[in-house]
Amino acid sequence: NGKRRGGFGNMEKIDKLLASEYINLKNPADSLVYTLSYNYDMPPKARDALNDNELKTILEWIKIEAKNK
């Protein structure tokens, strides 16, 4: 679980994730979940880095959630 490595507890609970400091619904591109992934800081192993489509999906998901709030 993410709690031990990066402090990202409750990643599997969408409502808690959206209410956390890791998601910025006012400016999705500034969300910690997105910026850490974009800067290749998450996941911690380089071979597990997200590709451009996966990063785009994360950002689009946050934008959609922001519109629904």
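Modeller: Helices (H or I, at least four residues) and strands (E, at least two) are DSSP runs, numbered from the N terminus. This is a predicted model, where local features need pLDDT of at least 70, side-chain atom pairs count only at pLDDT 80 or more, and totals for chains, interfaces and linings use all residues. Residues are numbered from 1 along each chain as its sequence is written, and side-chain values use heavy atoms, with hydrogens and water left out.

Colleague: How many helices and strands are in the protein chain?

Modeller: The protein chain has 4 helices and 0 strands. Along the sequence the pattern is α-α-α-α.

Colleague: What percentage of the residues count as buried?

Modeller: Buried means under 20% relative accessible area, exposed means over 50%, and partly exposed is in between (1.4 Å probe, protein chains only). Of the 69 residues in the protein chain, 28% count as buried.

Colleague: Which residues make up the largest nonpolar core?

Modeller: A nonpolar core is a set of buried Ala, Val, Leu, Ile, Met, Phe, Trp, Tyr and Cys residues joined through side-chain atoms within 4.5 Å. The largest one has 11 residues: Leu17, Leu18, Tyr22, Ile23, Val33, Tyr34, Met42, Leu50, Leu55, Leu59 and Ile62. At least two residues of this core come from each of H2, H3 and H4. H4 gives the largest share, 3 residues.

Colleague: Take Tyr34 from that list. What is Tyr34 in contact with?

Modeller: Contact means heavy atoms within 4.5 Å. Leaving aside neighbours within four places in sequence, Tyr34 is in contact with Pro28, Ala29, Leu55, Ile58, Leu59 and Ile62.

Colleague: Where is Ala29?

Modeller: Ala29 sits in the loop between H2 and H3. Ala29 counts as partly exposed because its relative accessible area is 35%. With neighbours within four places set aside, Ala29 is in contact with Tyr34, Thr35 and Leu59.

Colleague: How far apart are Ala29 and Lys63?

Modeller: In sequence, 34 residues; in space, 8.6 Å from C-alpha to C-alpha.

Colleague: Which residue forms a salt bridge with Lys63?

Modeller: Glu60, with the closest N and O atoms 3.7 Å apart. A salt bridge here is a side-chain nitrogen of Lys or Arg within 4 Å of a carboxyl oxygen of Asp or Glu. The count by this rule is 1 salt bridge. Lys63 and Glu60 both lie in helix H4, 3 residues apart, about one turn of the helix.

Colleague: Is Lys63 buried or partly exposed?

Modeller: Lys63 counts as partly exposed, because its relative accessibility is 34%. Glu60 is partly exposed too, with a relative accessible area of 35%.

Colleague: What about Glu65, buried or exposed?

Modeller: Glu65 counts as buried, because its relative accessibility is 17%. Glu65 is placed in helix H4, residues 52-68. Not counting residues up to four places away in sequence, Glu65 touches Leu18 and Leu25.

Colleague: Back to the loop. Why does Ser31 count as buried?

Modeller: Because its relative accessibility is 1%. Ser31 is found between helix H2 (14-18) and helix H3 (32-38). Beyond its neighbours within four places in sequence, Ser31 is in contact with Tyr22, Ile23, Asn24 and Ile62.

Colleague: What share of contacts in the protein chain join residues at least 24 apart?

Modeller: Among contacts between residues at least 6 apart in sequence, the share is 44%.
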